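Here is a short tour to follow with your viewer open. Please load the model and keep the sequence at hand as you read.

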Amino acid sequence: MDGSLVNADIELSVSALDQLMPMHLWVSADGLIVSAGPTLAKLFPQTNMRAHRLLDLFEIRRPGGVLDISDLAAHAGQRLYLGLRGCALPPLRGIALLPANGQGFLLNLSFGIGVVEAVRHHQLTDADFAPTDLAVELLYLVEAKSAVMDELRNLNLRLQGAKVAAEVQALTDTLTGLRNRRALDHDLSSLLQQIRPFSLMHIDLDYFKAVNDTLGHPAGDHVLREVAKVLSAETRDGDTVARVGGDEFVVVLPALADTAKLDQIALRIIARLSVPMEFDGKVCQIAASIGMTRSTHYARPNAEQMLSDADQALYASKRAGRAQATLFSTELGAQ
């Protein structure tokens with residue numbers, strides 16, 4: 001190789017420096033900024049960088065101990081970390097070189113790991129980076145990854161929502177919107193595991209078959225939906241109201257074992273369901289018979305036994321003339 005070429009000084013115009021190193025700084029020997037690359041100038045949009053000294057706008061964070069321009073000269077050729085004064089963005093990385101003529105410093109800087117934040121904060125584009133800089137490709141990868149992660153999060157949310165909707169649908173009676181038998185079994189099992197006192201009502205609609213036979217199934221469906229509204233209105237938010245058969249319903253009342261309160265609720269339900277309902281200009285007349293039992297009646301309550309006993313009490317109400325409420329007792333069980 002020709003030694004004269006190796007030792008030759010290379011002169012570049014400011015415009016050439018701007019293209020090759022859009023984040024360069026040319027600093028005079030006394031620390032005054034003589035020239036700044038166009039990308040670097042965007043970091044100080046309200047400031048004429050050429051009217052300031054290097055250390056007025058930047059602080060040398062690494063290596064330590066660089067307090068003036070003479071200290072910087074001692075670290076020429078070493079990796080530098082420069083923070084922008086008054087800015088919380090990560091520091092810039094760079095290197096300072098001393099030209100052969102000894103007239104000042106040439107610093108070439110980059111954003112390093114802070115490139116993503118810098119692009120967003122300063123609204124930089126592809127044109128703000130050197131043609132050989134891989135920062136733009138990195139940004140594309142970051143944005144692509146972000147888009148993929150966002151889509152995955154949205155997909156997971158949709159899947160989770162679909163799962164919750166499917167679980168709710170699996171526990172819901174489609175006609176009335178009440179809980180179904182599967183949900184009832186789940187709620188009873190949960191209460192029994194918690195060893196919480198509760199009461200249970202088994203409700204059967206009187207004269208419902210006559211509505212279906214004389215007015216048709218649409219009228220019967222309307223009645224069932226109206227019954228669901230009444231039962232929901234007469235119970236609390238934490239109670240379970242379930243449709244377990246064609247015209248049969250079960251109500252579970254946690255933390256309620258008082259006979260008088262249980263009777264009051266049952267009588268309110270009977271009174272409201274005895275009021276004629278209108279469908280398509282025709283009157284639908286039904287009533288309700290109720291059988292009740294309480295978990296405190298049993299030494300070791302279980303769901304199957306309580307449902308069976310409430311069913312016995314229900315038919316005792318029907319034998320008593322319908323539109324009645326009967327609480328299961330030991331004597332009734334013996335009969």
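Leu43, Leu84, Leu89, Pro90, Pro91, Leu92, Phe111, Gly114, Ala118 and His122 line the largest cavity; a cavity here is a set of points on a 1 Å grid over the protein atoms alone where a 1.4 Å probe fits but cannot get out, and lining residues have an atom within 4 Å of a point. The model is predicted, so to speak of local features takes a pLDDT of at least 70 and side-chain atom pairs count only at pLDDT 80 or more, while totals for chains, interfaces and linings use all residues. Residues are numbered from 1 along each chain as its sequence is written, and side-chain values use heavy atoms, with hydrogens and water left out.

**Cavity and pocket**

- A search of the whole structure finds 1 cavity of 30 Å³ or more.
- The volume of the largest cavity is about 50 Å³, where a volume is the space filled by probe spheres set on grid points joined across faces, edges and corners.
- Its lining holds 8 nonpolar, 2 polar and no charged residues; Ala, Val, Leu, Ile, Met, Phe, Trp, Tyr, Cys and Pro count as nonpolar, Asp, Glu, Lys and Arg as charged, and the others, Gly among them, as polar.
- Of the 16 residues lining the second largest pocket, Arg93, Asn108, Leu109, Ser110 and Asp133 are the closest to its centre.
- β5 and β6 are the elements that give two or more residues to the lining of this pocket, and that lining divides into 8 nonpolar, 5 polar and 3 charged residues.

**Around strand β5**

- Helices (H or I, at least four residues) and strands (E, at least two) are DSSP runs, numbered from the N terminus.
- Buried means under 20% relative accessible area, exposed over 50% and partly exposed in between (1.4 Å probe, protein chains only).
- β4 (residues 79-84) runs antiparallel to β5 and is joined to it by 4 bridges; two strands pair if DSSP finds at least two bridges between them.
- On the β6 (residues 105-110) side, 5 bridges join the antiparallel strands β5 and β6.
- Ile95 stands opposite Arg79, and its bridge partner in β6 is Asn108.

**The five-stranded sheet**

- An open sheet of 5 strands has the order β8-β9-β7-β12-β13, with mixed pairing.
- β8 (240-243) and β13 (325-327) are at the edges with a single partner strand each, so one side of each has no neighbour in the sheet.
- Neighbouring strands are turned by 15 degrees against each other on average, direction ignored; axes are lines fitted to C-alpha atoms, for helices over the stretch in contact, and angles run from 0 to 180 degrees between N-to-C directions.
- Helix α11 (residues 259-273) lies across β7, β9, β12 and β13, at about 165 degrees to β12.
- Helix α12 (residues 303-319) also packs on the sheet, touching β7, β9, β12 and β13, and makes about 140 degrees with β12. Contact means heavy atoms within 4.5 Å.

**Pro197**

- Pro197 sits in the loop between α8 (181-194) and β7, and is partly exposed at a relative accessible area of 39%.
- Pro197 and Ala257 are 60 residues apart along the chain, yet their C-alpha atoms are separated by 6.4 Å.

Conventions: On a 1 Å grid over the protein atoms alone, a cavity is a set of points where a 1.4 Å probe fits but cannot get out, and a pocket is an open set with protein on both sides within 12 Å along at least five of seven lines; lining residues have an atom within 4 Å of a point.
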